[in-house]
Amino acid sequence: MGIIGREALFVILQPAKNLVFFKFLTQSISFYKMFRRVKVRIYQAILSVLLLFGFSFAEVKITTTIKPLADIVKEVGKDKVDVAYIIPSNVNFHTYEYKPLDIKKVYESDLFVFIGYGEPSISSLTKNLKKEKLMQITNLKGMVLLKEEDHDEIHPAVWLDPENAKLIAKAVMDFLASKDKQNAQFYKSNYLEFEKKVNEILNYGKSKLSSVRNKYFVSYHYEFPYFVKRFNLIYLAEIEMGHGREPSPKHLIEVIQKIKKYNVKAIFTSKQFFNPKTANIVISQTGAKVIFLDSMGETGDYLNMMRYNIDKVYEGLNL
Ligand SMILES: [Zn+2]
C-alpha cells in the first residue's frame with residue numbers, strides 16, 4: 001500500500017478506534033471513582049479502629065529551618081516525631097525566600113527550631129506563634145558561639161561543632177519529654193545514644209586531625225569557624241569577604257600571599273557557597289586544590305556529615 005493509501009485507511013478507521021477508546025475511558029473512570037469511594041471508606045474504617053484502640057501516628061511535629069537541625073531532632077524523636085525542614089539543603093540558606101507553604105508548616109508544628117542568625121528573618125513565619133513553640137538554638141545555655149569574621153554578629157554555623165549538636169539534641173529531648181510524657185524514657189535513651197555517637201565522632205576527629213601536615217585552614221566563604229576551633233586547626237583566610245561580597249583585589253592578593261607563606265594546598269568550601277570564577281584566580285596563583293565539604297547534611301545524617309567533613313579536611317590538610 002502506498003503512503004496515500006495508508007493515510008486514507010487511517011482516517012477511515014480512526015473514528016471507530018476513538019469510540020472504542022472513549023468507551024473504555026469512561027468505564028475506567030467510573031470504576032476508578034467507585035474504587036476510590038470504597039478505598040476512602042476502608043481507610044476511614046481502619047482509622048477509627050486504630051483510634052478506638054489508642055494507636056497513634058507520630059503525634060509531635062517539629063519543623064526546623066535547615067536540614068542538619070532536622071537531622072539532630074530525628075536522632076532524638078525517631079519514629080515518634082514528624083520532622084521537617086524548610087530550606088532545601090542545596091541552596092545558600094542566607095538568601096532563601098520563605099514560601100507561603102513554609103508558614104503553614106511552621107504554624108502546624110509543635111516546635112519550630114531555628115538558628116536565629118544567618119537565616120532570612122523568621123518573623124514572617126512566627127508572627128502568630130506562641131513563644132513556647134519557638135526554639136532559637138543560639139539562645140540555648142552552654143552553646144559555643146563565635147563571631148563572624150568581619151563584624152560582631154554571631155556566626156550561624158553552630159551545628160558544625162559537635163559539642164553544640166549535643167546541646168541542641170538535649171534541648172529537643174527536654175521539649176519532647178514534657179510534650180509527650182508517656183514516651184519520655186524513649187527520648188532520653190535516644191538522646192543518650194546520640195550523645196555517645198557524637199562523642200565518638202569528636203574523638204575520631206580530634207585524633208585524626210591532630211596529625212595533619214598543615215593546620216592552616218583556608219575556605220572560600222567564612223563557613224567553618226566552629227569546626228576549625230573544635231578540632232584545633234587555625235583559620236588562616238577566606239576568599240569571599242562577608243556574605244557573598246566579591247573580594248577586592250587587595251584582599252585577594254593578601255589571601256594569595258598567606259596561602260604561599262603557609263604552604264596551604266587546599267581551599268575548603270561547600271558547593272552552596274562557592275563562586276568558581278573568584279576561586280580560580282587564587283587557584284591559578286597558588287596551585288591549591290578545591291575540596292568540597294558538607295555543611296548542610298547532603299552526605300547523610302548528622303554523624304555521617306561530620307565524619308565526611310573530618311575525612312575531607314584530613315585529606316586536604318595532608319596534600
Ligand atoms: Zn555564612
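Predicted model: local features only at pLDDT ≥ 70, side-chain atom pairs only at ≥ 80, totals over all residues.

Trainee: At what angle do the axes of α2 and α5 cross?

Mentor: Roughly 50 degrees, and the axes of α2 (residues 67-77) and α5 (residues 162-179) come within 9 Å. Axes here are lines fitted to C-alpha atoms, for helices over the stretch in contact, with angles from 0 to 180 degrees between N-to-C directions. Helices (H or I, at least four residues) and strands (E, at least two) are DSSP runs, numbered from the N terminus.

Trainee: Which residues of α2 and α5 make the contact?

Mentor: On α2, they are Leu69, Ile72, Val73, Glu75, Val76 and Gly77. On α5, they are Ala165, Ile168, Ala169, Val172, Met173 and Leu176. Contact means that the C-beta atoms, placed from the backbone, lie within 7 Å.

Trainee: OK, switching to the sheet. What is the strand order?

Mentor: The order is β2-β1-β3-β4, an open sheet of four strands with parallel pairing. Strands pair if DSSP finds at least two bridges between them. The edge strands are β2 (81-85) and β4 (134-136), each pairing on one side only. Neighbouring strands of this sheet are turned by 20 degrees against each other on average, direction ignored.

Trainee: How many bridges join β1 to β2?

Mentor: Five, with β1 covering residues 60-64. Ile62 has Val83 as its bridge partner in β2, and Thr64 stands opposite Tyr85 in β2. The chain goes from β1 through α2 to β2 in a right-handed β-α-β crossover. Right-handed means that, with the strands pointing away from the viewer, the path from the first strand over the helix to the second runs clockwise.

Trainee: And which residue of β3 is opposite Ile62?

Mentor: Leu111. β1 and β3 (residues 111-114) pair in the parallel sense over three bridges.

Trainee: Last one: what do β5, α7 and β6 make?

Mentor: A right-handed β-α-β unit, with α7 at residues 225-230. Four bridges join β5 (residues 216-219) to β6 (residues 234-238), and these strands run parallel. Phe217 stands opposite Tyr235 in β6.

Technical notes. Residues numbered from 1 in each chain as written. Contact = placed C-beta atoms within 7 Å.
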